[in-house]
Amino acid sequence: MSFADKYLAETRDIVDRLDRDAIERIVDVLASARDAGGRLFLLGVGGSAANASHAVNDFRKIVGFEAYAPTDNVSELTARINDEGWDTSFAKWLEGSRLRAEDVIFVLSVGGGSLDRNVSPNLVLALRFARDVGAQIVGIVGRDGGYTAQVADACVLIPTVNPDNITPHAEALQAVVWHLLVSHPALKAAQTKWESITVYAAPSSLTGMV
């Protein structure tokens, strides 16, 4: 079996094992908060930060949810890291955003944050702050889910099928699950571009070209 065959087989296995009920619980939390006028704050580090940025676009444009990610403002983020420290960077950003009980924190993370292992401590302190103000927490995480899985109101755990590929599978499946969420009929509020185009016709300038 080639590496490609093995990797894709692992991906199929993970998809088959995803907790559908957990996904629906996230849908319920997000739909309720969106309809009540709450905001969505997506938190991620590393590759998950890039996923958070993409997801912000989808939740704003497709779902009609006011959404933000602290990692989209590199000036503020790095100023907070420089002046106040990495561990409090997300919590202080949320405090500056006046996080309130009607809002939702959405964590995208491979490990979910752990103070004991000193991995993504900024996620842990952000979630503690969210709990203090009464905001709900959801997440898509890998490994054992870390602190996120412990405190979340709804959380999808990406199963580990190969310990050598935890990170790539976790970050790839984050995208699968959040695209499922924004496509869910309970959340989707706007048609996506290509689905609105029923028939593709080549531009006249290309007709007859090989």
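How many residues in the lining of the largest pocket are nonpolar, how many polar and how many charged? The lining divides into three nonpolar, five polar and four charged residues. In this count Ala, Val, Leu, Ile, Met, Phe, Trp, Tyr, Cys and Pro are nonpolar, Asp, Glu, Lys and Arg are charged, and the others, Gly among them, are polar.

The model is a predicted one, in which local features need pLDDT of at least 70 and side-chain atom pairs count only at pLDDT 80 or more, while totals for chains, interfaces and linings use all residues. Residues are numbered from 1 along each chain as its sequence is written, and side-chain values use heavy atoms, with hydrogens and water left out.

The largest pocket has a volume of about 210 Å³. Its lining is made up of G111, G113, S114, L115, D116, R117, V119, R143, D144, G146, Y147 and Q150. Pockets and cavities are found on a 1 Å grid over the protein atoms alone: a cavity is a set of points where a 1.4 Å probe fits but cannot get out, a pocket is an open set with protein on both sides within 12 Å along at least five of seven lines, and lining residues have an atom within 4 Å of a point. Grid points are joined across faces, edges and corners, and a volume is the space filled by probe spheres set on the points.

V119, one of the lining residues of this pocket, sits in the loop between β3 and α6. Helices (H or I, at least four residues) and strands (E, at least two) are DSSP runs, numbered from the N terminus. With a relative accessibility of 41%, V119 is partly exposed; buried means under 20% relative accessible area, exposed over 50%, and partly exposed in between (1.4 Å probe, protein chains only). Neighbours within four places in sequence aside, V119 is in contact (heavy atoms within 4.5 Å) with G113 and S114. V119 and G146 are 27 residues apart in sequence, and their C-alpha atoms are 9.5 Å apart in space.

R143 is another residue of the pocket lining, and R143 also lines the largest cavity. R143 belongs to the loop between β4 (136-141) and α7 (146-151) and is partly exposed, at 42% relative accessible area. Although R143 is not a glycine, its phi is positive, at about 50 degrees. Most residues other than glycine have a negative phi.

The structure has one cavity of 30 Å³ or more. The largest cavity holds about 40 Å³ of space. Its lining consists of I14, G142, R143, I158, P159, T160, V161, N162, N165, I166, H169 and A170, which divide into six nonpolar, five polar and one charged. Helix α8 (residues 166-183) gives the most to this lining, with three residues. N162, one of the lining residues, is in contact with K6, as is M1, when neighbours of K6 within four places in sequence are left aside. K6 lies in helix α1 and is partly exposed, with a relative accessible area of 37%.

Five aromatic pairs are found in a search of the whole structure. Rings of Phe, Tyr and Trp (its six-membered ring) pair if their centres lie within 6.5 Å; planes under 30 degrees apart count as stacked, over 60 as edge-to-face and the rest as tilted. F3 and Y7 form a tilted pair, 5.9 Å centre to centre with 40 degrees between the planes. These two residues are four apart in helix α1 (residues 3-17), so about one helical turn separates F3 and Y7. F3 is exposed, at 59% relative accessible area, whereas Y7 is partly exposed, at 22%.

Elsewhere, ring pairs link F41, Y68 and W93 into a cluster. R60 lies over the face of Y68, 5.3 Å from the ring centre; a charge sits over a ring if NZ of Lys or CZ of Arg is within 6 Å of the ring centre and within 35 degrees of the ring normal.

W93 is one of the buried residues of helix α5 (residues 89-96), together with S89, F90, A91 and L94. Their cover includes β1 (40-44), β2 (67-68), α4 (74-84), β3 (104-109) and α6 (121-133). Just after α5, R98 takes a positive phi of about 55 degrees. R98 lies in the loop between α5 and β3 and is exposed, with a relative accessible area of 68%.
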